[in-house]
There are 2 protein chains.
Amino acid sequence: MKKVAILGSTGSIGTQTLDVVSANPDDLEVVAISASSNIKMLEEQIRQFHPRLCAVYNEDKAKELEANIKDVTPACRIVSGMDGLIELAVMEESDIIITAVVGMIGIVPTIEAIKAGKDIGLANKETLVTAGHIIMPLAKEKGVSILPVDSEHSAIFQCLNGERDNHISKILLTASGGPFRGMTREQLSGVTLEMALKHPNWSMGRKITIDSSTMVNKGLEVIEAKWLFGVEPSQIEVVVQPQSIIHSMVEFDDGAVMAQLGTPDMRLPIQYALYYPKRIFLDGKRLDFSTLSEITFSKPDPDTFLGLRFAYSAIETGGSMPTVFNAANECAVARFLDGKIRFLEIYEMIDYCMKNHKNIDNPDVAQILETEKWVYDSIESRWN
Amino acid sequence: MKKVAILGSTGSIGTQTLDVVSANPDDLEVVAISASSNIKMLEEQIRQFHPRLCAVYNEDKAKELEANIKDVTPACRIVSGMDGLIELAVMEESDIIITAVVGMIGIVPTIEAIKAGKDIGLANKETLVTAGHIIMPLAKEKGVSILPVDSEHSAIFQCLNGERDNHISKILLTASGGPFRGMTREQLSGVTLEMALKHPNWSMGRKITIDSSTMVNKGLEVIEAKWLFGVEPSQIEVVVQPQSIIHSMVEFDDGAVMAQLGTPDMRLPIQYALYYPKRIFLDGKRLDFSTLSEITFSKPDPDTFLGLRFAYSAIETGGSMPTVFNAANECAVARFLDGKIRFLEIYEMIDYCMKNHKNIDNPDVAQILETEKWVYDSIESRWN
């Protein structure tokens with residue numbers, strides 16, 4: 001029985017993690033769940049999965065939930081705030097933490113979980129993007145596995161199965177190109193929130209769907225891949241593959257390219273992380289090559305979709321610059337989702353912050369979080 | 001230093017094996033070579049690679065070669081006939097035998113090599129097609145590795161890296177469809193030898209090129225895959241992928257499909273077999289996804305290209321029937337290459353032999369070779 005704690009159980013990855021647990025009650029048990037404030041869904045999850053611990057970031061909501069689940073036995077302990085998230089991260093009963101929160105709030109709990117020797121199913125991109133230089137050496141020191149939980153990095157991880165001693169010549173990170181693929185900069189200027197929220201292939205959370213439309217998501221994945229697989233940014237090539245059938249590829253020194261293909265189903269990388277290196281049956285659609293017809297490829301357009309360009313620039317600069325890239329995007333996307341800014345202003349905000357940031361080499365967690373604050377303050381004072 | 005013996009060093013796979021050895025003189029050494037009768041090329045190979053042993057199947061040619069290389073030091077011993085091939089197969093100095101001969105002549109030396117504990121780099125399809133039921137248990141008993149040396153089975157083998165404990169749900173064996181893909185039966189009736197020898201993607205020997213145009217080659221590969229990977233024929237799906245970029249795929253229980261892609265270069269599977277599980281640099285063209293544009297898929301047409309249909313029928317019957325399928329094809333293709341029969345008569349000869357054969361369950365090597373003789377005699381008496 002593998003004991004699973006979920007940091008962010010009410011989002012897209014969190015709920016699909018619970019789906020995988022539901023389907024495999026003999027192998028998997030949920031020992032902890034958490035969310036920012038969605039206590040209605042947390043209550044349902046507590047009643048269905050009977051975790052021992054539930055962390056609610058919002059303190060008032062935590063108290064409210066505590067009152068609402070008084071009748072549940074065995075009792076589920078409610079904790080709150082960052083202390084609560086950390087308590088979840090280090091709880092003795094868990095074997096693996098799925099870090100499915102969105103945003104930089106995931107960094108500290110992830111570091112604490114690694115220190116406590118927990119394996120990490122990593123769905124929180126921001127952790128490696130901002131603190132990869134801290135996380136990866138720490139995981140190595142603690143003998144902890146960082147198991148990627150997104151389709152691209154899981155695909156790469158699967159391609160590396162049995163290849164640990166072989167040198168990676170190139171990572172071919174596939175991208176759907178998002179809903180605006182092929183558009184010009186002029187066309188992008190007229191894009192609405194509704195249009196940006198319609199991803200052609202994947203059903204995902206709102207923030208990541210916007211990031212996919214700007215290619216910032218792919219940029220974050222490039223940075224993440226650098227840390228996860230120990231390659232140089234120049235070894236990571238983004239390949240646009242609009243059907244999202246090839247989830248990513250690895251080219252080795254002999255020229256062989258290994259690829260993982262599949263239907264778009266996030267339960268696969270989640271289950272793979274929970275069972276690695278074992279594969280078990282997963283219900284769902286299979287690829288059907290007799291009806292598939294074709295897989296097409298094209299180059300990304302970094303002159304129009306600046307997300308990729310910013311990402312390569314940030315990772316080449318290193319230090320706190322990837323944090324600036326990520327935080328400026330978080331801040332901008334939140335405003336775009338609130339209808340406060342236009343689509344192209346997302347790029348403008350990232351560009352502004354990256355140009356005005358005094359880079360910090362090898363930042364510690366405090367400096368990373370200060371950088372995040374600096375970004376938010378900069379955007380606030382420049383745009384309000 | 002890995003010591004390599006090559007059964008069939010003058011053909012397409014044999015010479016490319018020598019290319020791989022040439023490129024890696026610090027890791028690989030050729031200790032034996034062989035051919036049916038091409039002593040001119042054997043002499044060149046002896047002078048370049050200095051093997052200790054050379055087997056020439058034709059006894060007269062063996063004597064001739066012996067006389068021609070008297071000046072070579074250190075001396076290369078020349079042996080001949082089937083005894084000579086077996087002597088090569090079991091020679092103490094070798095670590096691995098590349099079985100690159102074409103036809104059923106490879107069966108006995110391969111079995112003897114396995115008995116002597118040699119790893120096998122298997123390029124001779126007929127061995128597993130006709131004697132898979134003998135070879136695979138014997139290899140297991142002797143702890144010998146059977147390493148596939150063709151692009152499809154090597155691709156599958158690469159996809160299974162690190163997946164040994166995971167159940168294969170399906171093997172997706174890719175096929176270019178050959179030069180006549182899309183043709184009707186009527187169009188096929190007018191096909192000439194010259195047309196059949198033009199493969200769209202791969203440069204290969206003449207016999208295998210014809211087999212590719214009839215889809216018999218893919219049929220032989222289906223049977224081979226059954227033995228190599230221990231799956232049922234119903235688990236093997238042939239997918240037409242005309243660009244020959246995906247070399248084959250494996251679908252697992254979780255729906256993940258692992259694939260190996262690459263440019264068409266037989267040196268890759270050869271090198272992979274020689275270095276497995278290590279990958280080393282191989283010069284040559286790389287896949288370029290920015291110019292690749294597309295990979296297309298379609299279903300095979302087994303009503304027109306009967307090669308696949310015969311193969312599934314033969315493997316379902318089992319026993320000596322795959323030998324009949326293979327031997328009838330060998331015999332028919334030889335006649336087609338000599339300009340003696342029309343293209344569609346290849347299918348007629350296979351069909352005739354499979355319909356008239358009294359199947360032998362679990363045939364031993366003698367019975368397999370008798371079946372081959374029966375096929376040749378049957379075709380001779382029916383068509384001459």
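**Exercise 1.** Work out how far apart B:Glu44 and B:Lys40 are in helix 2 of chain B.

*Solution.* Start with the helix: B:Glu44 and B:Lys40 sit four residues apart in helix 2 (residues 39–49) of chain B, so about one helical turn separates them. Helices here are DSSP runs of H or I with at least four residues, strands are runs of E with at least two, and both are numbered from the N terminus. Next, look at the side chains: B:Glu44 and B:Lys40 meet in a salt bridge, at 3.7 Å from N to O. That term asks for a side-chain nitrogen of Lys or Arg within 4 Å of a carboxyl oxygen of Asp or Glu. The cut-offs are under 20% for buried, over 50% for exposed and in between for partly exposed (1.4 Å probe, protein chains only).

A word on the ground rules: this is a predicted model, where local features need pLDDT of at least 70, side-chain atom pairs count only at pLDDT 80 or more, and totals for chains, interfaces and linings use all residues. Residues are numbered from 1 along each chain as its sequence is written, chains are lettered from A and ligands numbered from 1 in the order in which they are written, and side-chain values use heavy atoms, leaving out hydrogens and water.

**Exercise 2.** Find the salt bridge partner of B:Lys125, and say whether the two are buried or exposed.

*Solution.* The partner is B:Asp150, with 3.8 Å from N to O. This pair ties distant parts of the chain together: B:Lys125 belongs to helix 6 (residues 125–142), B:Asp150 to the loop between strand 7 (146–148) and helix 7 (151–159), 25 residues away. Both B:Lys125 and B:Asp150 are buried.

**Exercise 3.** Describe the pair B:Asp351 and B:Lys355.

*Solution.* First the contact: their closest N and O atoms are 2.9 Å apart, and that makes a salt bridge. Then the place: both lie in helix 16 (residues 343–356) of chain B, four residues apart, about one turn. Over in chain A, salt bridges with shared partners join A:Lys125, A:Asp150, A:Glu152, A:Lys218 and A:Glu221 into one network. Over all chains, the structure holds 46 salt bridges.

**Exercise 4.** Which peptide bond from a Tyr to a Pro is cis in chain A, and which in chain B?

*Solution.* In chain A, take the bond from A:Tyr276 to A:Pro277, with omega near 5°. In chain B, take the bond from B:Tyr276 to B:Pro277, with omega near 0°. A:Pro277 is in the loop between helix 12 (267–275) and helix 13 (289–292) of chain A. B:Pro277 lies in the loop between helix 12 and helix 13 of chain B.

**Exercise 5.** Look at phi of A:His50 and B:Ser244, and place each residue.

*Solution.* Keep the background in mind: most residues other than glycine have a negative phi. A:His50 has a positive phi of about 50°; it sits in the loop between helix 2 (39–49) and strand 3 (53–56) of chain A and is partly exposed at 36%. B:Ser244 also has a positive phi, near 50°. B:Ser244 is in the loop between strand 9 (236–240) and strand 10 (246–252) of chain B, and is buried at 6%.
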